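Q: Hey, could you walk me through this one? I'd like the fold first, then the ligand site.
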Amino acid sequence: MLDFSKAPCFGRVEGLKTALTMLHDIKPRGTVIVETGTTRGSLGGGVEGDGWATLLFGWYCKSYEGKITTIDIVPEAIEECKEITKDYSDVISYRVGNSVEIIAKDLNEPIDLLYLDSANDPQITLNELKAAESKISNQTIIYIDDTSLAKKRPGGVCKGILAHKYLFDKGWRIVFDNGDQIIMKYKGETPSLLEKMIVGLKTKYLYKRVLRRGAL
Ligand SMILES: C[S@@+](CC[C@H](N)C(=O)[O-])C[C@H]1O[C@@H](n2cnc3c(N)ncnc32)[C@H](O)[C@@H]1O
């Protein structure tokens with residue numbers, strides 16, 4: 001059982017604990033984590049605003065011989081992240097730039113945990129996923145923030161709605177959904193026609209809702 005008692009403070013507690021516990025069960029040491037959208041300080045509203053996943057991932061990687069790449073398009077965000085995560089900087093690769101380009105061009109290793117948490121834009125999240133596709137295996141954990149298919153979340157952005165559909169069609173399923181975040185794992189299941197129809201309609205509805213709200 002993964003012990004979080006020595007972990008630094010972090011938000012999104014349920015999702016982050018679940019994702020790291022799953023990761024630890026699958027591969028206890030030497031994991032590769034990739035995160036789009038980095039932990040910020042004042043720019044992002046602190047632990048409650050952002051979740052501070054980079055800090056927790058840094059702690060985890062330092063404790064279990066892993067490494068994490070965190071990517072942000074805003075240079076100041078990366079500077080804030082470096083300050084917040086300085087105790088774990090030896091296991092963190094900080095990258096400034098467009099997440100889709102960096103994942104596609106610069107990352108070559110197989111990814112064990114992919115955390116998609118950058119723009120509030122379902123199309124960008126889908127593009128990040130597609131850029132990472134050649135580095136993803138059936139063991140990879142895909143974790144997406146601000147997304148839920150289970151519950152109504154009136155203020156929600158649902159930035160992973162298109163990525164979810166893309167993965168669903170390829171046999172991936174949601175294994176965690178707390179109304180704010182989802183975790184998906186490969187199950188190799190071919191969806192029935194009815195399942196496809198339901199997920200297709202949900203996707204359309206939620207995507208339209210995102211566009212209507214002008215959340216992008
Ligand atoms: C919610 S924050 C990330 C929070 C962080 N994952 C955490 O848990 O603390 C989202 C970040 O994504 C960055 N971002 C938005 N679009 C991006 C893109 N296309 N490529 C890289 N970063 C992007 C923003 O600059 C912002 O800093």
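A: Happy to! One term before we start: two residues are in contact if their C-beta atoms, placed from the backbone, lie within 7 Å. Also, keep in mind that this is a predicted model.

Q: Good to know. Which strands does helix α1 lie across?
A: Helix α1, residues 13–26, lies across β4 (111–116), β5 (136–144), β6 and β7 (182–186). The helix runs at about 165° to β5.

Q: And in what order do the strands sit in the sheet?
A: The order is β3-β2-β1-β4-β5-β7-β6. That is an open sheet of 7 strands with mixed pairing.

Q: Which ones are the edge strands?
A: Those are β3 (92–96) and β6 (172–177), each pairing on one side only. From one strand to the next, the twist averages 20°.

Q: Back to β3: how does it pair with β2?
A: In the parallel sense, over 5 bridges, with β2 covering residues 67–72. Ile-68, for instance, has Ile-92 of β3 as its bridge partner. Helix α4 (residues 75–84) packs on the sheet here, touching β2 and β3, and its direction makes about 160° with that of β3.

Q: Nice. On to the ligand: which residues come nearest?
A: Gly-37, Thr-39, Asp-50, Ala-53 and Ala-119, out of 23 residues around the ligand.

Q: Which elements supply at least two residues of that shell?
A: β1 (32–36), α3 (53–63) and β2 each do.

Q: How does the shell divide into nonpolar, polar and charged?
A: There are 8 nonpolar, 10 polar and 5 charged residues around the ligand.

Note on methods
Residues are numbered from 1 along each chain as its sequence is written. This is a predicted model: local features need pLDDT of at least 70, side-chain atom pairs count only at pLDDT 80 or more; totals for chains, interfaces and linings use all residues. Two strands pair if DSSP finds at least two bridges between them. Helices (H or I, at least four residues) and strands (E, at least two) are DSSP runs, numbered from the N terminus. Axes are lines fitted to C-alpha atoms, for helices over the stretch in contact, and angles run from 0 to 180 degrees between N-to-C directions. A residue is near a molecule or strand if its C-beta atom, placed from the backbone, lies within 6 Å of it. Ala, Val, Leu, Ile, Met, Phe, Trp, Tyr, Cys and Pro count as nonpolar, Asp, Glu, Lys and Arg as charged, and the others, Gly among them, as polar.
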